Protein chains: 2
Amino acid sequence: MSDIANTPEPPYYAVIFSSHRTEGDHGYGAMAERMVALAASQPGFLGIESAREGLGITVSYWESLEAIKNWKRHAEHREAQRLGHERWYADFRVRIAKVEREYGM
Amino acid sequence: MSDIANTPEPPYYAVIFSSHRTEGDHGYGAMAERMVALAASQPGFLGIESAREGLGITVSYWESLEAIKNWKRHAEHREAQRLGHERWYADFRVRIAKVEREYGM
């Protein structure tokens, strides 16, 4: 089970990735796991939350737009994006948002 | 299955609600369904996406911070928030974010 990310005081950034998968794995599981580990090692990474129930929602948190841009351009991540387009996702949407306020229980 | 929300051109706002449930239903299912319907009828509501896989992530989209504030203060929603604290959630975090960019497949 994914944990709730332990993010710092805002402001920081969120990448909200919403998707529907295609049928079958086609290497998706291994690549998804690798991408989470790789993202977590990037400069400016703050945390990640993920759940799939038909619709998949993954929210990754970042210190800055610059950190998000660098991650998007990472060579191995680019290859995963290419395969995502080709094989793994029937549909997806990416939203980049500035977190302005945060509160918990 | 929840759909990907058909949101307009940014900017708009997202409320990212991440949670872990307590054991048992205790009226949660019915209230959750009612809250989605009620949220969708509020001024400034743009869409909602939801998935739970241990961790639950619900992202609702709104035209403005004002719309989010009004929804947070809605009497029936306040009662749901109270019960959420008391009964339904072991842990949660709410993040309010301004969506600056969006792209899809």
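How much area do chain A and chain B bury between them? About 4000 Å², with 61% of it on carbon and sulfur atoms; buried area here is the accessible area (1.4 Å probe) that two parts lose on being put together, summed over both.

This is a predicted model, where local features need pLDDT of at least 70, side-chain atom pairs count only at pLDDT 80 or more, and totals for chains, interfaces and linings use all residues. Residues are numbered from 1 along each chain as its sequence is written, chains are lettered from A and ligands numbered from 1 in written order, and side-chain values use heavy atoms, leaving out hydrogens and water.

Here's the interface in brief:

| Item | Value |
|---|---|
| Contact residues, chain A | 45 residues |
| Contact residues, chain B | 45 residues |
| Salt bridges, chain A and chain B | six salt bridges |
| Arg93(A) to Glu102(B), closest N and O atoms | 2.6 Å |

Contact means heavy atoms within 4.5 Å, and a salt bridge is a side-chain nitrogen of Lys or Arg within 4 Å of a carboxyl oxygen of Asp or Glu.

Now for helix α2 (residues 65–73) of chain A, where Ala67(A), Ile68(A) and Trp71(A) are buried, meaning under 20% relative accessible area (1.4 Å probe, protein chains only). Helices are DSSP runs (H or I, at least four residues), as are strands (E, at least two). The three sit on the same side of α2(A) because they cover an arc of only 100 degrees around the axis, taken from the directions from the helix axis to the C-beta atoms. They pack against β1 (12–21), α1 (28–40), β3 (55–62), α3 (75–88) and β4 (89–104) of chain A.

Notes: Buried means under 20% relative accessible area, exposed over 50%, partly exposed in between (1.4 Å probe, protein chains only).
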